[in-house]
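Here is a short tour of one protein chain. Have a look at the sequence and the 3D picture, then read on.

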Amino acid sequence: LELSDLTPEVAERLGMNGVQGVVITAVQPGSPADRAGLSNGDVVVQVNRQPVKSVSDFKAAMKEKSSDDGMLLLVRTENGSRFVVIPPQS
């Protein structure tokens with residue numbers, strides 16, 4: 001999963017003005033994120049119920065979780081918001 005900060009310009013292009021988070025720029029085919037339905041242009045606004053406003057926030061939230069736990073992401077798309085569970089890597 002590759003991410004970048006959601007700039008105002010990118011947010012406008014994605015139709016998500018006023019949204020804070022990180023934008024997904026690449027998803028490895030066959031990865032847990034791919035199987036969970038994540039795709040380029042999706043915006044992650046929470047990781048494990050913690051708001052994220054930058055890639056560094058995302059990484060910090062990832063470090064706080066147990067390695068045995070999956071991740072709960074709140075993702076915004078042009079079609080609305082949804083929670084996505086990413087299982088732990090084996």
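## Fold and overall shape

Starting at the N terminus, the elements of the protein come in the order β-α-β-α-β-β-α-β-β. That makes three helices and six strands, where helices (H or I, at least four residues) and strands (E, at least two) are DSSP runs numbered from the N terminus. The radius of gyration (taken over C-alpha atoms) is 12 Å, close to the 12 Å that the globule rule gives for 90 residues, so the protein is as compact as a globular protein of that length. That rule is 2.2 Å times the number of residues to the power 0.38.

Keep in mind that this is a predicted model: local features need pLDDT of at least 70, side-chain atom pairs count only at pLDDT 80 or more, and totals for chains, interfaces and linings use all residues. Residues are numbered from 1 along each chain as its sequence is written, and side-chain values use heavy atoms, leaving out hydrogens and water.

## One salt bridge

How many salt bridges does a search of the whole structure find? It turns up one, counting a side-chain nitrogen of Lys or Arg within 4 Å of a carboxyl oxygen of Asp or Glu. The partners are Asp42 and Arg82, with their closest N and O atoms 3.8 Å apart. Asp42 sits in the loop between α2 (32–35) and β3 (43–47), and Arg82 is in strand β6 (residues 80–86), so the pair ties together parts 40 residues apart in sequence.

Asp42 counts as buried, at 6% relative accessibility, while Arg82 counts as partly exposed, at 32%. Buried means under 20% relative accessible area, exposed over 50%, and partly exposed in between (1.4 Å probe, protein chains only).
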